Amino acid sequence: MKDQFNRTIDYLRISVTDRCDFRCRYCMPENGITKRRHADILTLEEIAEIADAFIDLGISKIRLTGGEPLVRKGIAELCRQLKSNHFLKELALTTNGTLLPQYADILKNSGVDRLNISLDTLREDRFRSITRVGNLRETLKGIEAAERAGFTGTKINTVLIGGFNDDEITDLVGLTRDRDLTVRFIELMPIGEAARWPGTAFMDANVVTERVPELQYLGSDGVAELYRLPGAVGTVGLIRPLSHSFCGACSRIRLTADGMLKPCLHSDLEIPLRGLHGEKLISALKDGICRKPARHYIDRDGVSGTEKRLMSEIGG
Ligand code: SAM
Ligand code: SF4
């Protein structure tokens, strides 16, 4: 389906839970979120019903995210259910990786096509510090488990944080030398916890090519600019929502864990979907797609219009 600015909307991100086993400093408060009651979170059946309605309207790619999607009970059944709709071309999932040693094979067998795994640093102490509770080795084991399970084209999401990991750019790029991975450097966005961070934390992703000048430009895939080290197996991506807005090519729409359709990550506009079925559901989805804003209005000095929500609630 097209929105009012003639953008084709074919990519749905679903936050399947606002809960997480990490407490990343830029994403969640130290004490976690005020937990919603289970009854306030969409059931798996509701998610599947809404997803099917979206697919009827032309969504061909779905990404499951959160919070941490792998802490949601029944996630594999949901994947199987979604994939049973043959009009869905791609099912992807974004995870912090710690539960992948248990889940990678199950996800592969449940129809998940691709994984994004978040990894901001290769140093044990920094990993613990940024996630507050995480263990680097577990996430690295998760990446290996994904490779063993046969996932290809796995993307590693690295949020660039000035004064925290910008001295590790070369090491992180180095992960792509011998492995079929795309390490994607994402500019930190002023959402939720990060909205209160100092300006020095927000870096232009250009710093990656400045630090690693041998990176060769391959082209753009719409959201990321892609590069490769000479002779490397994997690739490097730069995602620059702040310094280079890609709103004009945005094909995404989001569903929050509590059942709100969110046409834009950075807008407060939300459309309640719970309790809607059949034609009423379809017309609410059409309404949401039509009201997708032309662009976001954040920049490095500003804050996102979605301030009142945490990234873990919306689904990054
Ligand atoms: N728990 C999963 C994970 O961490 O991969 C999925 C949810 S998480 C909210 C999705 C992605 O959003 C992660 O890669 C995370 O690093 C990113 N993220 C969270 N807050 C962000 C922010 N303020 N700016 C940029 N990326 C952010
Ligand atoms: Fe959890 Fe992902 Fe947010 Fe980290 S970025 S706290 S892993 S939801």
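The paragraphs below treat the basis of the values, the ligand shell, the pockets and cavities, the ring contacts, and the backbone.

## Basis

The model is predicted; local features need pLDDT of at least 70, side-chain atom pairs count only at pLDDT 80 or more, and totals for chains, interfaces and linings use all residues. Residues are numbered from 1 along each chain as its sequence is written, chains are lettered from A and ligands numbered from 1 in the order in which they are written, and side-chain values use heavy atoms, with hydrogens and water left out.

## Shell of ligand 2

Around ligand 2 stand Cys20, Phe22, Cys24, Cys27, Gly67 and Asn96, where a residue is near a molecule if one of its heavy atoms lies within 4 Å of it. This shell comprises four nonpolar, two polar and no charged residues. In this classification Ala, Val, Leu, Ile, Met, Phe, Trp, Tyr, Cys and Pro are nonpolar, Asp, Glu, Lys and Arg are charged, and the others, Gly among them, are polar.

One member of the shell, Cys27, belongs to the loop between β1 and α1. Cys27 is buried at 16% relative accessibility; buried means under 20% relative accessible area, exposed over 50%, and partly exposed in between, with a 1.4 Å probe and protein chains only. The C-alpha atoms of Cys27 and Leu255 are 18 Å apart, and 228 residues separate the two along the chain.

## Pockets and cavities

Rolling a probe the size of a water molecule over the atoms shows where empty space is left. The search uses a 1 Å grid over the protein atoms alone: a cavity is a set of points where a 1.4 Å probe fits but cannot get out, a pocket is an open set with protein on both sides within 12 Å along at least five of seven lines, and lining residues have an atom within 4 Å of a point. Grid points are joined across faces, edges and corners, and a volume is the space filled by probe spheres set on the points.

| Space | Volume | Lining by class |
|---|---|---|
| Largest pocket | about 280 Å³ | five nonpolar, three polar, eight charged |
| Second largest pocket | about 240 Å³ | three nonpolar, three polar, five charged |
| Second largest cavity | about 30 Å³ | three nonpolar, two polar, two charged |

Which residues lie nearest the centre of the largest pocket? Among its 16 lining residues, they are Tyr11, Lys61, Asp221, Val223 and Arg252. The elements giving two or more residues to this lining are β1 (11–15) and β2 (61–65); strands are DSSP runs of E of at least two residues, helices are runs of H or I of at least four, and both are numbered from the N terminus.

The lining of the second largest pocket includes Thr17, Asp18, Arg19, Arg36 and His38, together with Val71, Arg72 and Lys73.

The structure holds two cavities of 30 Å³ or more. The second largest cavity is lined by Thr170, Val173, Gly174, Arg177, Val212, Glu214 and Leu229. The C-alpha atom of Thr170 is separated by 44 Å from that of Asp40, 130 residues away along the chain. Asp40 is placed in the loop between β1 and α1 and is partly exposed, at 28% relative accessibility.

## Ring contacts

Three aromatic pairs are found in the whole structure. Rings of Phe, Tyr and Trp (its six-membered ring) pair if their centres lie within 6.5 Å; planes under 30 degrees apart count as stacked, over 60 as edge-to-face and the rest as tilted. Tyr26 and Trp197 form an edge-to-face pair, with 6.4 Å between centres and 75° between planes. Because Tyr26 lies in the loop between β1 and α1 (44–56) and Trp197 in the loop between β6 (181–187) and α7 (207–211), the pair ties together parts 171 residues apart in sequence. Tyr26 is buried, with a relative accessible area of 14%, whereas Trp197 is partly exposed at 23%.

Charged ends also sit over rings, a contact that requires NZ of Lys or CZ of Arg within 6 Å of the ring centre and within 35 degrees of the ring normal. Lys61 places its charged end over the ring of Tyr11, 4.5 Å from the centre. The charged end of Lys108 lies over the ring of Phe151, at 4.9 Å from the centre.

## Backbone

Most residues other than glycine have a negative phi. Asn6, although not a glycine, has a positive phi of about 70°. Asn6 occurs in the segment before β1 and is exposed, at 54% relative accessibility. Arg132 likewise has a positive phi of about 70° without being a glycine, and is found in the loop between α4 (124–131) and α5 (136–148).
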